[in-house]
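Biologist: I'm new to this structure. Could you show me how to read it?
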Amino acid sequence: MPDPPARDEDLVRRYLSGDRAAFAALVERHERRVYNLALRMTGREEDARDATQDAFLTVLRKLSSFRGEAAFTTWLHRVTVNACYDLLRKRQRAPLLDRGGDDLPAREPPPAPDHADTSSLSMDVQQALLQVPEDFRAVMILHDVHDLRQEEVAAIVGVPVGTVKSRLHRGRIALAKAMGIEQEGRAGEPGPSGSDESPGGPGFGERADAAGPSEGTVSP
Amino acid sequence: MSHPEDLLADYVDGTLAERERAVVDTHLEGCARCSAEIRQAETAKTALSELEDVPVPFGVTGPVLAEAGRRFERRRGVAWERFQWAAGLAAAAALIVVVALNVGGGDARNAATPAATGASGGAGAAAGAEAASPGVIHFAGIEAQRNVDYDDAGIQAVAAEAADAVVAAEETKAPQVAFASAVQDSKERTSLAKDCVQHSGIQGSQDVLIRLIEAEFEGTPAYIAVFSEGPGAGQAPDHIVVFVVAKDDCRILSTASQRIPPG
């Protein structure tokens, strides 16, 4: 009779006690989730590959210090998001010519479609997502694409839940704008985020209890 | 106007309690800006939820698993070498007994025979008896080299590498566990490969199996068996012979040899 699938934490313990196949099982179980998170974060297959490898290598290196105080998946997501941040930072430092032209976020938002048909819009979602600042992008991908609870997202990115709520809302509006969905409200009236709203782009004001974007990177 | 900013994400998620939802609904009736933002956020959320997972391209996690294997073998290698040290002591004691038994017969070659059989047939005290011989490499198990395709030059390189390992073993005057870092932890596959090697009839009575690789030879799945060959009688081996046999029917695909320079 086949055994029930082992818990992640049990696989970690088994690997550390000498079961080589246990690590392969962990990778196999989570590679799709890790790769897709990295792909949405970076927008490039090549970067997603690198980030996936970096994330799993970090997991491999630090597995012996994983004490299980957080769920393994929370830790894995955190490591992956951090690997993406590192890669995006490296890419920003790289000369512009080294970057694939197709992968650059468009300077101007794509033209607004005739009607708000979300199925046709979804084709541009990835491109639009790259125009949303990383800290907001990460929260949206984890919550809206990967269906993680706000509390779990908060644990992954290392900010209070209130900050997750705020980043979610501002990030979604920024994404809609990048997709060409303009606000239909009256111009001139300050939005919920008040003075943070600037004419040229979406407002990314955060709650007062929010950690700054730089704290989005948390060492595992 | 104060806006219920901290409730808007949950409003779009549909996770607000009824009372909070009513608060937002009332606000939205009088706030066009928030209403517009809610519509934008809903559009964005829907678009994100429609993004589909893509399959992981081939080979993404391969390097990670390879690194995991290397790390694992390094850890395991340390433990194995410690075990070998202890086994070496036991083997030295066994050799004294064997030599003592042969003193009357005068044919010291007999002492080498169980060592050769032991190496081809498996572990145990007989295999341990060769440990005190100079230039002896302990066979540690099969090495699976996935996606490695050897040709004749590659096989010759394997022979040369083995000769170097024997020389190194002679210089240290101690039994060596060469190639152990790459060894797979699979007794079943080791014994399967050994059966195939024996079936091919390539192993001579003085040949001692020191390495076994599972790989491909010019596209054919194959076992590569590396033997040290010598005059026996506890003397150092003077040749390395390498045979390549097909995994499916154990036929000989190729061979190479390398002289071991005398120490």
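Modeller: Gladly. Two strands pair if DSSP finds at least two bridges between them, and strands here are DSSP E runs of at least two residues, while helices are H or I runs of at least four, both numbered from the N terminus. This is a predicted model, where local features need pLDDT of at least 70, side-chain atom pairs count only at pLDDT 80 or more, and totals for chains, interfaces and linings use all residues. Residues are numbered from 1 along each chain as its sequence is written, with chains lettered from A and ligands numbered from 1 in the order in which they are written.

Biologist: Which residue of β3(B) is the bridge partner of B:L212?

Modeller: B:A225. Strands β2 (residues 207–217) and β3 (residues 220–229) of chain B pair in the antiparallel sense over 10 bridges.

Biologist: In what order do the strands of the open sheet in chain B come?

Modeller: The order is β1-β2-β3-β4-β5, with mixed pairing. β1 (142–150) and β5 (252–259) of chain B stand at the edges with a single partner strand each, so one side of each has no neighbour in the sheet.

Biologist: And how do I read the place where two chains touch?

Modeller: Residues are in contact if their C-beta atoms, placed from the backbone, lie within 7 Å. Here, 37 residues of chain B are in contact with 45 residues of chain A.

Biologist: Which element gives the largest share of chain B's side?

Modeller: That is α3(B), with 14 residues.

Definitions and conventions:
Two residues are in contact if their C-beta atoms, placed from the backbone, lie within 7 Å.
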